[in-house]
Amino acid sequence: MYKSTPPTAPGTPTGTGTFTGDPIDTPYGTVQVAATLTRGRITSIRVLQAPDRSGRDQQIASYALPRLSQEAIGAQSAHIDAVSGASYTSEGYIQSLQSALDQVHD
């Protein structure tokens with residue numbers, strides 16, 4: 001029996017693979033992520049670079065980046081809110097993720 005693939009909404013990516021975002025410099029260090037998509041859905045996000053210029057930067061990144069990844073996977077986009085107290089890290093994360101998602105082609 002033939003099963004058809006459900007239609008995809010216009011503008012929805014249908015790509016599969018891992019897409020590496022641009023490295024984004026912040027006042028506290030570089031943020032870079034790679035997003036893995038399966039049939040256009042974000043299935044995981046790996047942080048490749050995180051702010052680490054000081055112990056405080058590492059501490060902020062260690063709580064903010066997992067939250068940002070969880071939120072982005074839930075939202076299935078880079079249109080997410082910044083983590084309070086980690087605005088620069090959040091902005092770098094969002095920009096890197098968006099650049100990764102921009103690489104996805106049908």
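A residue counts as buried when its relative accessible area is under 20%, as exposed when that area is over 50%, and as partly exposed in between. Tyr 88, with a relative accessible area of 45%, is therefore partly exposed. The structure in which this residue stands is a predicted model.

The average pLDDT is 87, and 85% of the residues score at least 70. Over residues 1-13, however, pLDDT stays under 50, and the model has six contacts for this stretch beyond four places in sequence.

A search of the whole structure finds one aromatic pair. Its members are Tyr 28 and Tyr 88, in a tilted arrangement with 5.7 Å centre to centre and 55 degrees between the planes. The pair links distant parts of the chain, 60 residues apart: Tyr 28 is in the loop between strand S2 (24-26) and strand S3 (29-38), while Tyr 88 is in helix H2. Tyr 28 is likewise partly exposed, at 39% relative accessibility.

Helix H2, which covers residues 87-101, also holds Thr 89. This threonine has a relative accessible area of 4%, so Thr 89 is buried. Leaving aside residues up to four places away in sequence, Thr 89 touches Val 31, Pro 51, Ile 60 and Leu 65.

Helix H1 (residues 55-75) contains Gly 74. With a relative accessible area of 64%, Gly 74 is exposed. From C-alpha to C-alpha, Gly 74 and Ile 42 are 8.7 Å apart in space, although 32 residues separate them in sequence.

Terms used: Residues numbered from 1 in each chain as written. Predicted model: local features only at pLDDT ≥ 70, side-chain atom pairs only at ≥ 80, totals over all residues. Heavy atoms only, no water. pLDDT = per-residue confidence, 0-100. Contact = heavy atoms within 4.5 Å. Helix = DSSP H or I, 4+ residues; strand = E, 2+ residues; numbered from the N terminus. Buried < 20%, exposed > 50% of the residue type's maximum accessible area, 1.4 Å probe, protein only. Phe/Tyr/Trp six-rings, centres within 6.5 Å; stacked < 30°, edge-to-face > 60°.
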